[in-house]
Amino acid sequence: MEPIYEGKAKRLFTTDNPNELLMEFKDDATAFNGEKKSSFAEKGRLNLDLSCLIFDELAKQGIATHHIKRLDETRLLVKKVDIIPLEVVIRNVVAGSLHKRLGYDEGHVLDAPLVEYYYKRDDLGDPMLTLDHIAILDVATDAELKTISELGLQVNEFLIGFFGNSGIRLIDFKLEFGRDTDGSILLADEISPDNCRLWDATSGERLDKDRFRRDLGDLLDGYREILGRLQGQS
């Protein structure tokens, strides 16, 4: 194995198979573009548990992902993809930066899911992009963007019900996509409380990384609560 990438929450390594990579989940937590940092023992395992569970459920819905199989507590074997440098954010309820930009109260339910695109560039602060910006950057074709948007909304529709059956509201979340060796678009990265806002449906308690961002309680307690509920449902 040779390390080829290290991000805020994961590392990637080569394997003997040129079309497969090893993804390792870290215990690090960051917020505000890395300005706030900490580490939580067990966080990597919890995020891997949740990502594997959710990817397995998405596979049953016919949604193709880079997930191959789990190797141990913190490592996952994935298909090698060429990551499209777009973060696709889907919002169902006003929270976080959308509250600051539109002025609506947090918790305001949107009439329809809102799809936003952000440029995956840490050095630029991951700025929001319009479709015209994406065309200028030439990071995805119109056909690819249509596929990404449709897949994102399909994932959203399923996850609203999947989380909802466990008494959890899916407020918003971030997805990343990549091209496999055939040029097909696959859902990549992870789906976990690190990149989803998840609130208790009754109390409104935040169960996601906002606990760390806003000092709202023990981070791992929220992650364990989500995992316990979803495992019970699965």
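Colleague: What percentage of the 234 residues in the protein do buried residues make up?

Modeller: Buried residues account for 49% of the 234 residues. Please keep in mind that this is a predicted model.

Colleague: What makes the radius of gyration agree with that of a compact globule?

Modeller: For 234 residues, a compact globule would have a radius of gyration near 17 Å, and the protein has 17 Å, so the two agree. Along its principal axes, the C-alpha trace spans about 45 × 40 × 35 Å. The chain forms six helices and 14 strands. Of the contacts between residues at least 6 apart in sequence, 57% join residues at least 24 apart.

Colleague: What can you tell me about the surface and the charges of the protein?

Modeller: The accessible surface comes to about 11,300 Å², and 48% of it belongs to carbon and sulfur atoms. There are 31 positive and 44 negative charges, and their mean positions lie 3 Å apart.

Colleague: Let's turn to single residues. Why is Asp194 called buried?

Modeller: Buried means under 20% relative accessible area. Asp194 has 10%, so Asp194 is buried. Asp194 sits in the loop between strand 13 (185-188) and strand 14 (196-200). Beyond its neighbours within four places in sequence, Asp194 is in contact with Ala9, Lys43, Asn47, Lys209, Arg213 and Tyr223.

Colleague: How do you know that the side chains of Asp194 and Lys43 make a polar contact?

Modeller: The cut-off for such a pair of N or O atoms is 3.5 Å. The contact joining the side chains of Asp194 and Lys43 is 2.7 Å.

Colleague: Why does Ile54 count as buried?

Modeller: The same test applies: the limit is under 20% relative accessible area, and Ile54 has 1%, so Ile54 counts as buried. Ile54 lies in helix 1 (residues 43-60). Leaving out residues up to four places away in sequence, Ile54 touches Leu159, Phe162, Phe163 and Ile191. Ile54 and Ile4 are 50 residues apart in sequence, and their C-alpha atoms are 26 Å apart in space.

Colleague: Why is Arg75 called partly exposed?

Modeller: Partly exposed covers what falls between under 20% for buried and over 50% for exposed. Arg75 has a relative accessible area of 26%, so Arg75 is partly exposed. Arg75 belongs to strand 7 (residues 75-79). A polar contact of 2.7 Å joins the side chains of Arg75 and Asp72. Not counting residues up to four places away in sequence, Arg75 touches several residues, including Met1, Leu22, Met23 and Glu24.

Colleague: What makes the phi of Asp138 worth a remark?

Modeller: Most residues other than glycine have a negative phi. Phi of Asp138 is near 55 degrees, a positive value in a residue other than glycine. Asp138 is placed in the loop between helix 3 (131-137) and helix 4 (142-164). Exposed means over 50%, and Asp138 has 62% relative accessibility, so Asp138 counts as exposed.

Colleague: And why is Asp215 called exposed?

Modeller: Asp215 has a relative accessible area of 62%, so Asp215 is exposed. Asp215 is in the loop between helix 5 (210-213) and helix 6 (219-233). Asp215 also has a positive phi, about 55 degrees, although Asp215 is not a glycine.

Technical notes
Residues numbered from 1 in each chain as written. Predicted model: local features only at pLDDT ≥ 70, side-chain atom pairs only at ≥ 80, totals over all residues. Heavy atoms only, no water. Helix = DSSP H or I, 4+ residues; strand = E, 2+ residues; numbered from the N terminus. Buried < 20%, exposed > 50% of the residue type's maximum accessible area, 1.4 Å probe, protein only. Polar contact = N/O pair within 3.5 Å; in protein donor to acceptor, adjacent residues only side chain to side chain. Contact = heavy atoms within 4.5 Å. Rg over C-alpha atoms; globule rule 2.2 N^0.38 Å. Areas by Shrake-Rupley, 256 points an atom, 1.4 Å probe, with all protein chains shown as cover. Lys, Arg positive; Asp, Glu negative; His and termini not counted. Charge placed at Lys NZ, Arg CZ, Asp CG, Glu CD.
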